[in-house]
Amino acid sequence: NTIISLVGARPQFIKEAVIASEVHKTNAWNHILVHSGQHYDVNMSDLFFEELQIPTPKYFLEVGSSSHGKQTAAVLEKFEDILLQEKPDLVLVYGDTNTTVAGALAAAKLNIPVAHIEAGMRQYPKNMPEEVNRVVTDHLSSLLFCCSELSYQNLQRENITSGVYIAGDVMYDLFLRMKPRFLKDKMLQNLTLHEGEYILVTLHRDFNVDNKESLLPILEGLNDYAKMTGLSIVFPMHPRTRKRIEEFDLATYLDSMNIVEPVGYLELMGLLEGCSNVVTDSGGLQKEAYYAKKQAAVIMPDTGWKEIIESGWNQLVPGNAAKELLPRILENKFIAYPVNLYGDGNAAKAIVKNIMTYLNK
Ligand code: UD1
Ligand code: UDP
């Protein structure tokens with residue numbers, strides 16, 4: 001059997017790493033890795049391949065950055081050529097990026113079954129690019145691997161009922177496996193900070209960073225939060241956000257923050273282990289915060305990871321309320337830790353087993 005995994009953005013490299021190592025154990029498949037090139041900076045891509053020892057992709061599509069239509073179309077066109085050449089039995093796609101939806105569409109049009117990792121996630125606003133990608137990808141997939149019961153129910157509501165499994169979160173698998181290697185001490189040393197002295201911040205959502213009116217109250221809220229608590233801010237900054245802050249001339253709001261380049265997985269998880277709290281609009285980091293038993297303010301009007309919100313562990317803070325709400329976020333600090341919201345760390349095993357059963361039918 002030949003299986004192709006298509007990745008292209010930071011969160012997909014780490015998800016694929018877990019699946020690839022599980023596939024490797026089975027010794028039963030030819031697993032081909034394709035990189036769309038949606039993310040291309042060394043610290044947005046190569047870093048993860050090195051650190052997590054992900055084998056070099058067989059194909060690089062080099063699509064780079066552009067508008068949604070152009071980027072999605074470029075992946076669609078180039079990935080189709082590879083599918084025609086390699087004739088895989090199944091295509092694996094991950095998460096909710098433009099690379100994900102393009103890969104699913106290219107495969108579906110060629111009648112190649114698609115397996116979607118992280119299926120059934122739903123959130124408002126409906127027109128958010130990632131939500132469009134998720135809905136379309138799920139409706140094109142033959143195998144759908146959900147992280148939670150809630151994702152499973154979302155699919156049921158859309159009449160997607162066959163090939164759906166609750167597998168748990170592959171990012172939890174990775175978190176548990178890599179935990180002994182997290183670089184907390186190195187990161188604290190580099191930043192000359194002590195444990196618990198800082199808030200870990202990441203931001204990159206289009207609706208938060210792409211216009212000045214959205215971005216400004218978030219930066220103000222962060223500054224007020226830091227001032228009120230006496231905590232520092234450590235902010236590994238996505239290139240999108242960096243470009244916008246320059247464009248909108250907001251750099252002075254960063255004066256009291258530790259702004260660093262995007263860091264590798266082991267470095268980020270080290271920063272997470274050492275922090276007091278998290279402020280983020282990252283899908284991945286809001287779950288990782290929970291895995292690390294750190295509470296996160298999620299700068300979004302809604303999230304697909306509702307289980308963590310409903311348990312009271314993480315809190316939603318819409319960007320336009322960030323100035324008012326962020327400084328008060330620590331008021332709700334003492335919440336019982338909700339266990340096993342996204343499986344037990346064996347998601348990849350369950351996923352690979354189900355794919356094998358499907359292919360052997
Ligand atoms: C994409 C995904 C998002 C995911 C995020 C993970 C879509 C629609 N969005 O958002 O779901 O959460 O990846 O990080 O697929 N850039 C660089 N260097 C890079 C990559 C990007 O400078 O290596 C800059 C470019 O200016 C680019 C901008 O960042 O235009 C946005 O990149 P893009 O991949 O389009 O979206 P992300 O915000 O990264
Ligand atoms: N990440 C990292 N370094 C960073 C930022 C993120 O290693 O500087 C990892 C982290 O594990 C995170 C994942 O990349 O969960 C995806 O990050 P991102 O926020 O870019 O994407 P999202 O999960 O929102 O799609």
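## A loop with a cis peptide bond

Pro125 sits in the loop between β5 and α5 (129-140). Helices (H or I, at least four residues) and strands (E, at least two) are DSSP runs, numbered from the N terminus. The peptide bond that joins Tyr124 and Pro125 is cis, with omega at about -5 degrees. Strand β5 itself holds Glu118. Glu118 is not a glycine, yet its phi is positive, at about 80 degrees. Most residues other than glycine have a negative phi, and most peptide bonds are trans.

## Basis of the model

This is a predicted model, in which local features need pLDDT of at least 70 and side-chain atom pairs count only at pLDDT 80 or more, while totals for chains, interfaces and linings use all residues. Residues are numbered from 1 along each chain as its sequence is written, chains are lettered from A and ligands numbered from 1 in the order in which they are written, and side-chain values use heavy atoms, with hydrogens and water left out.

## The sheet

An open sheet is formed by 7 strands, in the order β3-β2-β1-β4-β5-β6-β7, with parallel pairing. Two strands pair if DSSP finds at least two bridges between them. The strands at the edges, β3 (59-60) and β7 (164-166), each pair on one side only. Strand β2 (residues 30-35) runs parallel to β3 and is joined to it by 2 bridges. Here His35 stands opposite Phe60 in β3.

Helix α16 (residues 347-360) packs on the sheet. Its contacts (heavy atoms within 4.5 Å) are with β1 (2-7), β4 (90-94), β5 (114-119), β6 (143-146) and β7. The direction of α16 makes about 165 degrees with that of β6. For such angles, axes are lines fitted to C-alpha atoms, for helices over the stretch in contact, and the angles run from 0 to 180 degrees between N-to-C directions.

## Ligand 1

Ligand 1 is surrounded by 19 residues, and the closest are His39, Asn98, Glu130, His204 and Arg240. A residue counts as near a molecule or strand if one of its heavy atoms lies within 4 Å of it. By class, this shell has 4 nonpolar, 9 polar and 6 charged residues. Ala, Val, Leu, Ile, Met, Phe, Trp, Tyr, Cys and Pro count as nonpolar, Asp, Glu, Lys and Arg as charged, and the others, Gly among them, as polar. Helices α3 (68-86) and α11 (239-247) each supply at least two residues of the shell, and α11 gives the most, with 3 residues.

Polar contacts are pairs of N or O atoms within 3.5 Å; within protein, one must be able to donate a hydrogen and the other to accept it, and residues adjacent in sequence count only if both atoms are side-chain atoms. A polar side-chain atom of His39 is 2.7 Å from an oxygen atom of ligand 1. For Asn98, a backbone N or O atom lies 2.8 Å from an oxygen atom of ligand 1. The protein buries 90% of the 750 Å² that ligand 1 exposes when taken alone; accessible areas come from the Shrake-Rupley method with a 1.4 Å probe, and for residues only the protein chains shown count as cover.

## Ligand 2

Around ligand 2 there are 19 residues, the closest being Arg205, Val263, Ser282, Gly284 and Glu288. The shell has 11 nonpolar, 5 polar and 3 charged residues. Helix α13 gives the most to it, with 4 residues.

A backbone N or O atom of Leu285 is 3.4 Å from an oxygen atom of ligand 2. The protein covers 95% of the 520 Å² of accessible area that ligand 2 has on its own.
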